[in-house]
Amino acid sequence: MKRKPILLFLFPALVLAILAGARIATFLLGAYPASPTMWWIWLELRPLSTMFWQQVDFYLDSSMVLDFTILAAALIVSWLACHARKRAPFFLANHLALLFVGLMIAASSQSQTASTIAAFTAPSGLQFSLMVDFSWQNSLVLLLGTAACVYCHVAFLTEAKQRAELRAMQLVTLQRDL
């Protein structure tokens, strides 16, 4: 099985498209604040991207141009990583995208840890509560991310097996020649 870079690139591109869509929806909501469609689109894309854009705006005092520059740079880096000859870049691109999505879902679900709610206990007696919003949109994105990571593992292990078989064949050839 030869790895297909476009399949490796799909999940990071999906994550970046969600981030770009949320930013575009924010811009359009500002331009058309009375539009129910703009509100619906913005509310649908908000859970996956709000915390990220809030942090970007806070630390970089960003504009839309800077936001889209960040997204374009991330898209180019992901594309190059998925087309690299080495195995580590495509592996990292997909797994970092999955971790990013998981963190954004957890952050947007108002998750809290023991340090912020130390006075409260969970029903099981634990000193923290992690409530994650597993809506169908969030679950679908996490499922797609998991499938992308499984494909990465399959591609990685298949290439490792092919390299091992090639080395074994080369060793047999060398033994025969000696």
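Reply: Start with the terms. On a 1 Å grid over the protein atoms alone, a cavity is a set of points where a 1.4 Å probe fits but cannot get out, while a pocket is an open set with protein on both sides within 12 Å along at least five of seven lines; lining residues have an atom within 4 Å of a point. Points are joined across faces, edges and corners, and a volume is the space filled by probe spheres set on them. This is a predicted model, where local features need pLDDT of at least 70 and side-chain atom pairs pLDDT 80 or more, but totals for chains, interfaces and linings use all residues. Residues are numbered from 1 along each chain, and side-chain values use heavy atoms, without hydrogens and water.

Me: Which pocket residues lie nearest the centre of the largest pocket?

Reply: Leu-16, Ala-74, Ser-78, Leu-96 and Ala-97, out of 15 lining residues. The pocket's volume is about 300 Å³.

Me: Is Ser-78 buried or exposed?

Reply: Buried means under 20% relative accessible area, exposed over 50%, partly exposed in between (1.4 Å probe, protein chains only). Ser-78 has 12% relative accessibility, so Ser-78 counts as buried. Contact means heavy atoms within 4.5 Å; leaving aside neighbours within four places in sequence, Ser-78 is in contact with Phe-9, Pro-12 and Leu-16.
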